[in-house]
Amino acid sequence: MAVNRADDTIDRGFFGQPRMLANLFSVELWERFSFYGMQGIVLIYMYFQTTDGGLGIDQGVAAGIVGAYGGSVYLFSIVGGWVADRLIGSERTMFVSAVLIMLGHIALAVIPAVPGLATGLILVAIGSGGLKATITNLVGALYGTDDPRRDAGFSIFYMGVNIGGLIGPLLTGLAQQRWGFHLGFGLAAIGMAIGLAQYGLARRRLPDTVHAVPNPLPRQEYPKWLGIAVAAVLVVVLAVLFGLLTAENLADVVVGATVISAIALFAILLTSNRVSPDEHSRVVSFIPMFIGSAAFWALFQQQFTVVTIYSDTRLDRDLSLPFLGDWTMPISWVQSFNPFFIILLAPVFAAAWTRMGDRQPVTPTKFGLGIALMGAAFLLFLPMASVTSVPALWVALIMLVATCGELLLSPVGLSLSTKLAPKAYPVLMVALFYLSVALGTALSGSLAGFYSAENEVAYFGTLGAVTITIGVVLLLLSRRITVLMRGVH
């Protein structure tokens with residue numbers, strides 16, 4: 001429990017929760033504010049012409065970079081988890097990661113052109129990955145395993161994710177529209193600095209356990225792992241110098257790296273003699289859900305690629321407001337629809353599952369329904385194909401359907417990976433779930449290269465139909481998958 005170890009007094013200083021939850025809530029809120037605020041404008045920064053303050057990068061290439069960047073965040077979360085577990089512990093990893101995020105946004109704000117873009121995205125990707133891997137562990141450390149406040153505390157914490165995701169694109173988009181891209185990026189940096197400063201003043205109040213290194217790397221192995229890290233960086237640098245890794249194929253490279261990593265992790269789990277027959281069956285049951293999860297995120301994450309382009313080129317953003325007159329909605333505001341609906345609907349879904357109790361659908365069924373809803377959301381683009389200027393509320397409807405799909409899949413996905421994980425490999429199974437998100441996110445960039453206003457019927461229709469089919473297949477396999485899960489529901 002979140003207690004004072006000396007006198008066993010329960011800490012209820014933040015809405016009945018531990019006081020430190022307020023600080024972690026703030027860090028996550030401002031990190032999501034900066035992350036989604038930057039992501040709301042970075043794509044248009046890349047493909048807008050230089051006369052409009054952009055970099056003039058080809059639109060398809062720019063979308064691919066955004067997808068590759070998003071996928072890299074989840075790949076780096078695995079690296080961040082390893083650093084926390086073996087080198088410096090969760091708390092220090094989280095703090096360093098937050099600093100890197102802030103520096104990345106500063107780079108985007110003050111370093112001009114492509115050098116600033118590259119430096120900023122690399123720093124934010126590494127930092128966001130490290131923070132994502134550790135901050136949830138810090139929240140969990142505030143509670144004992146039997147503390148009845150634990151679930152409520154996580155619910156409060158994750159509300160910070162969606163509040164940050166809601167207001168980030170609103171404010172940075174408005175700043176970009178009125179004063180330019182670099183001020184928008186600067187606003188993201190300021191937001192991260194606020195969260196970091198507040199956390200820095202209170203970090204000493206975290207439990208001692210978060211400073212421990214669970215599985216310290218032996219000193220004699222430091223040279224080996226340092227050599228691996230240096231070799232990896234050299235491979236990337238040489239690939240860039242020899243033209244093997246370019247902006248044009250970056251998303252495809254991340255997709256390939258993610259697929260190889262996922263196959264390797266599944267192979268480790270399925271061939272290990274430390275995995276019991278029941279655990280082996282559970283790992284097998286996760287394979288179709290991994291594929292389904294990747295398909296879901298490949299469409300869902302297009303809100304940062306294709307949907308952003310669609311909002312710029314196809315959406316009627318000119319509004320007439322009382323007392324304000326004619327006004328043009330910033331492009332990035334469309335990305336606030338999803339967190340708004342999450343805040344609105346998450347309690348409804350939670351209440352529904354609670355009321356249904358043991359009668360609620362099993363996880364594979366929830367996955368299948370969520371994936372099918374995501375495909376249906378893409379089909380909703382089709383009625384507007386012949387409309388010259390699409391109403392903003394129509395995209396809001398599309399994101400409402402997509403959000404319902406997310407609430408069926410995302411909250412249970414990470415939880416499922418922890419329940420299906422073999423006792424000997426709890427982290428690898430969680431890493432696999434993150435890899436499904438990484439794969440889908442990188443695919444969202446690769447697929448975006450095929451989109452154009454001229455072929456949107458084929459684009460949205462094909463992807464929507466394929467994704468619905470994957471969801472239906474998962475629904476048909478639901479009973480068999482449940483059997484393979486060996487008692488896990």
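Residues are numbered from 1 along each chain as its sequence is written, and side-chain values rest on heavy atoms, with hydrogens and water left out. Because the model is predicted, local features need pLDDT of at least 70 and side-chain atom pairs count only at pLDDT 80 or more, whereas totals for chains, interfaces and linings use all residues.

The structure holds five salt bridges, a salt bridge being a side-chain nitrogen of Lys or Arg within 4 Å of a carboxyl oxygen of Asp or Glu. One of them joins E91 and R203, whose closest N and O atoms are 2.8 Å apart. E91 belongs to helix α2 (residues 59-110) and R203 to the loop between α5 (181-202) and α6 (222-241), so this pair ties together parts that are 112 residues apart in sequence; helices (H or I, at least four residues) and strands (E, at least two) are DSSP runs, numbered from the N terminus. E91 is buried, with a relative accessible area of 1%, while R203, at 25%, counts as partly exposed; here buried means under 20% relative accessible area, exposed over 50%, and partly exposed in between (1.4 Å probe, protein chains only).

Another salt bridge is formed by the side chains of R314 and E456, at 2.9 Å from N to O. This pair links distant parts of the chain, 142 residues apart, with R314 in the loop between α9 (306-313) and β1 (315-316) and E456 in helix α14 (residues 456-484). Both R314 and E456 are buried.

E279, in helix α8 (residues 277-300), is buried yet has no salt bridge, and the nearest side chain of opposite charge, that of R282, is 5.3 Å away; Lys and Arg count as positive and Asp and Glu as negative, with His and the chain ends not counted. A polar atom of the E279 side chain does, however, lie 3.0 Å from the backbone nitrogen of K423.

Two cavities of 30 Å³ or more were found, a cavity being a set of points on a 1 Å grid over the protein atoms alone where a 1.4 Å probe fits but cannot get out, with lining residues having an atom within 4 Å of a point. The largest cavity holds about 50 Å³ of space, the volume being the space filled by probe spheres set on the points, which are joined across faces, edges and corners. Its lining includes L299, F300, M374, F378 and I398, and the largest share of that lining, three residues, comes from α12.

How values were computed:
A polar contact is a pair of N or O atoms within 3.5 Å; within protein, one must be able to donate a hydrogen and the other to accept it, and residues adjacent in sequence count only if both atoms are side-chain atoms. On a 1 Å grid over the protein atoms alone, a cavity is a set of points where a 1.4 Å probe fits but cannot get out, and a pocket is an open set with protein on both sides within 12 Å along at least five of seven lines; lining residues have an atom within 4 Å of a point.
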